[in-house]
Every structure is written in C-alpha cells, then in structure tokens.
Amino acid sequence: MTTGVPLSTAPRRRSRARTFLPLAVAAWLILEIWLLSLVAGAAGGLTVAALLAGGIVLGVVVIKRAGRRAFKNLTNTFQQAQQGQQPAAQQPGGGNGLTMLAGLLLILPGLLSDVAGLLLLIPPVRAWAGRRLTGSLQRQMAAAPAGSFGDAFQQARIHYPDGKVVQGEVIREDGPQQPQRPGPDAGYRPPLAP
C-alpha cells in the first residue's frame, strides 16, 4: 500500500541536543549533589534542609503569583475582546512564563537551580533571557521547512502497526442536489458538522 510519503532507508543522524542533553543533565545532578554535600559539611545538614525547604516555599509563592497574574491578564484580554477593543501589548521580557520557570527552578532541590531561579526573578535578567529565547525561536521557525509539522504527524501515523493512511480529498457540497434516482434517501440532507 502506498502512503504518498517517501520513506528513507538511510539512518537518521542524531541531533546534537539529543546527544548532549542527557550528559548535561547528569553533570548538573552530580554538581548539585556535590554542592549540597559541601554545604552540609561546612554548615551542617539542618542548614541544607532549611535551604531546600526555603527554596520550595519561595518557588511555590513565585509560581502562584505568576499564575494569578497570567489569569488576570487573560481575563482582561477576554474582556477587552468582548468590548471590541484591541488587547493591550504583552509584557516584554518573557512575562509570566519565565517567572513560572524561575519558580520551578526554585522548587527543584539543589543550590544551582535555586541560583538560576533567583537570577530569573531579576527583571533585567528575565528581559535578557526573554529576548534570547524569542530570537532563538524566531530563527528556528524561519529555518523550518513549510509544512514540517504536518509531515511529522503523517510520518508518525505511518509507523503505527496496522495504521493505514489513505490519501484523499473531501469535497463538500452544501446546497440541494438533484436526486439521481427517487427513493427515501434522495432528498437534501444538511451536513452533520459545520
């Protein structure tokens, strides 16, 4: 059965991110454990427990505030749209997404993640990180081939067991038609879905 999508038999080259991300996560975890053991040796285990608990509490508070602010912004946008007004511009520098990321980093146990979360709470650092992320995303979107998401979905369907993909086109005629032969099903039927 032909699916319309050419299947490549050449082995796929693994991306650099998929190669180095597990190594980076392992190095991060080892460094976090080493720093926690250094602080525990210098200041005691109770101090480490207090630092970790304080990071968790502060992270929850930051995420809660950012979530409330995001919900308030969403409510204001809906109200402005209902009144026919143009919605206000979004907050520059990442807004609530980077603030929530800062809270998540604070919740993660470890001193490096806490430092990274605290740095993201500083508005100039958050604005810089937001500009960098926006620029990176725009470059990736500009470099992506047209229709790549749809092609990826179609490729995923092909690899399912017994997943049959049939290429076709839907032609919809909404108006009344002339019946070709008389019968109980010969009349006009409105479409089931819009």
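**Starting from one threonine**

Find Thr 99, which sits in helix H3. Keep in mind that we're looking at a predicted model. Is Thr 99 buried or exposed? Its relative accessibility comes out at 6%, and because anything under 20% counts as buried, Thr 99 goes in the buried group. Across the chain, 16% of the 194 residues count as buried.

So what is Thr 99 in contact with, once its neighbours within four places in sequence are set aside? The list is Val 62, Ala 66, Arg 69, Leu 121 and Arg 126. Some of these names will come back: Val 62, Ala 66 and Arg 69 are among the H2 residues that meet H3, while Arg 126 is one of the H5 residues that meet H3. Let's take those two helix pairs in turn.

First, H2 and H3. Helix H2 covers residues 45–82 and helix H3 covers residues 95–107; their axes lie 7 Å apart, and the packing angle is about 160°. That makes the two helices roughly antiparallel, since angles over 145 degrees count that way. The crossing of H2 past H3 is left-handed. On the H2 side, the residues involved include Gly 55, Gly 59, Ile 63, Gly 67 and Asn 73, and on the H3 side they include Asn 96, Met 100, Gly 103 and Ile 107. Sorted by class, this contact has eleven nonpolar residues, seven polar and one charged.

Helix H5 spans residues 123–143, and its axis comes within 10 Å of the H3 axis, crossing at roughly 110°. H3 and H5 are therefore roughly perpendicular to each other, and H3 passes H5 in a right-handed crossing. Here Gly 95, Leu 98 and Thr 99 from H3 meet Arg 126, Ala 129, Gly 130 and Leu 133 from H5.

Finally, zoom out to the chain. Take the contacts between residues at least 6 apart in sequence: 60% of them join residues at least 24 apart. As for the surface, the chain exposes about 15800 Å², with carbon and sulfur atoms supplying 64% of that area.

Note on methods: Residues numbered from 1 in each chain as written. Predicted model: local features only at pLDDT ≥ 70, side-chain atom pairs only at ≥ 80, totals over all residues. Heavy atoms only, no water. Axes fitted to C-alpha atoms, helices over the stretch in contact; angles between N-to-C directions. Helix = DSSP H or I, 4+ residues; strand = E, 2+ residues; numbered from the N terminus. Parallel < 35°, antiparallel > 145°, perpendicular 65-115°, else oblique. Left-handed = near helix turned anticlockwise from the far one by under 90°. Contact = heavy atoms within 4.5 Å. Nonpolar A, V, L, I, M, F, W, Y, C, P; charged D, E, K, R; others polar. Buried < 20%, exposed > 50% of the residue type's maximum accessible area, 1.4 Å probe, protein only. Areas by Shrake-Rupley, 256 points an atom, 1.4 Å probe, with all protein chains shown as cover.
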